[in-house]
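I opened my notebook to record what I looked up in this structure. My entries follow in the order I made them.

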Amino acid sequence: MCFQDEAGQVLRPPVAKTWARRGHTPVVEVSGKGSGRVSIAGLVCLKPGQRGRLMWRTRLHRARAGERGSFSEDDYIAFLDQAHQRLQTPIVLIWDNLNVHVSRRMHALIAARTWLTVIRLPPYAPDLNPAEGVWRWMKRGLTNTAANGVDHLADLVRQRLRACQQQTDLLAGFLANTGMTLEPELP
């Protein structure tokens with residue numbers, strides 16, 4: 001079972017609380033002011049009795065004219081094809097109702113893959129998707145961090161996601177925060 005979600009990070013870092021001497025407010029200078037963004041598509045893959053896996057892809061947007069600002073249907077399906085090859089098992093995909101996920105083109109791409117079963121989450125139900133926990137954890141690690149540009153920001157995002165991949169107990173915790181379990185209920 002794989003939960004899919006997407007997130008984005010801009011050059012302006014998330015704000016967090018910190019400590020400082022009274023009268024000396026800490027200031028983090030930000031460069032770039034919106035001249036780029038990192039989009040991330042992630043899969044939290046879970047199987048009963050096994051450790052969870054996190055797979056992800058990033059895409060840089062440099063705010064150029066005519067540049068697509070998000071992942072396309074082809075990007076998502078290529079990501080799912082890669083996940084299928086890595087996992088070597090059929091995939092039950094659980095994702096939200098993003099316009100790209102429900103498009104006619106995506107329906108056709110999904111129908112062509114017999115190994116793929118798609119379940120849609122109810123509208124606006126981020127509390128049911130463990131991938132949301134990945135994004136919160138990643139962004140918390142980027143608080144009060146100033147990136148020098150979109151390439152540096154992408155490197156910081158990748159470092160955080162690699163760290164999350166290595167801490168597979170985190171993925172179990174993100175699932176637990178949804179209130180769901182992989183174990184079947186006993187009668």
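**Entry 1**

I searched the whole structure and found zero disulfides, a disulfide being a pair of cysteine sulfur atoms within 2.5 Å. Such a link is a covalent bond between the sulfur atoms of two cysteines. Cys 164 is in no disulfide, and the nearest cysteine sulfur, that of Cys 45, is 12 Å away. Are these cysteines buried or exposed? Cys 45 counts as buried because its relative accessibility is 6%. Cys 164 counts as buried too, at 0%. My cut-offs, with a 1.4 Å probe and protein chains only, were: buried under 20% relative accessible area, exposed over 50%, partly exposed in between.

**Entry 2: Ground rules**

I noted that this is a predicted model, where local features need pLDDT of at least 70, side-chain atom pairs count only at pLDDT 80 or more, and totals for chains, interfaces and linings use all residues. Residues are numbered from 1 along each chain as its sequence is written, and side-chain values use heavy atoms, with hydrogens and water left out.

**Entry 3: The whole chain**

I counted five helices and five strands. These are DSSP runs numbered from the N terminus: helices are H or I with at least four residues, strands are E with at least two. From the N terminus on, I read the order β-β-β-α-β-α-β-α-α-α. The C-alpha atoms fill a box of roughly 60 × 45 × 30 Å, taken along the principal axes. Of the 187 residues, 38% count as buried. I also checked contacts, meaning heavy atoms within 4.5 Å. Among those between residues at least 6 apart in sequence, 71% join residues at least 24 apart.

**Entry 4: The cores**

Next I looked for nonpolar cores, which are sets of buried Ala, Val, Leu, Ile, Met, Phe, Trp, Tyr and Cys residues joined through side-chain atoms within 4.5 Å. In soluble globular proteins, nonpolar side chains tend to be buried together. Which members of the largest core touch the most other members? I found Ile 40, Val 44, Leu 54, Val 134, Trp 135 and Leu 161, out of 28 residues. Strands S1, S2 (37-45) and S3 (53-61) and helices H3 (131-141), H4 (150-166) and H5 (168-178) each supply at least two residues. H4 gives the most, with seven residues. Apart from this core lies another, of 20 residues, among them Phe 79 and Ala 83.

**Entry 5: Glu 6**

I found Glu 6 in strand S1 (residues 2-10). Glu 6 is buried yet has no salt bridge, which would be a side-chain nitrogen of Lys or Arg within 4 Å of a carboxyl oxygen of Asp or Glu. Its nearest side chain of opposite charge, Arg 37, is 9.0 Å away; Lys and Arg count as positive, Asp and Glu as negative, while His and the chain ends are not counted. What does the side chain of Glu 6 make a polar contact with? One partner is the side chain of Tyr 76, at 3.0 Å. Another is the side chain of His 101, at 3.4 Å. A polar contact is a pair of N or O atoms within 3.5 Å; within protein, one must be able to donate a hydrogen and the other to accept it, and residues adjacent in sequence count only if both atoms are side-chain atoms.

**Entry 6: Asp 75**

Asp 75 lies in helix H1 (residues 73-87). I put Asp 75 down as partly exposed because its relative accessibility is 22%. Leaving aside neighbours within four places in sequence, Asp 75 is in contact with Arg 57, Arg 59 and Ser 70.
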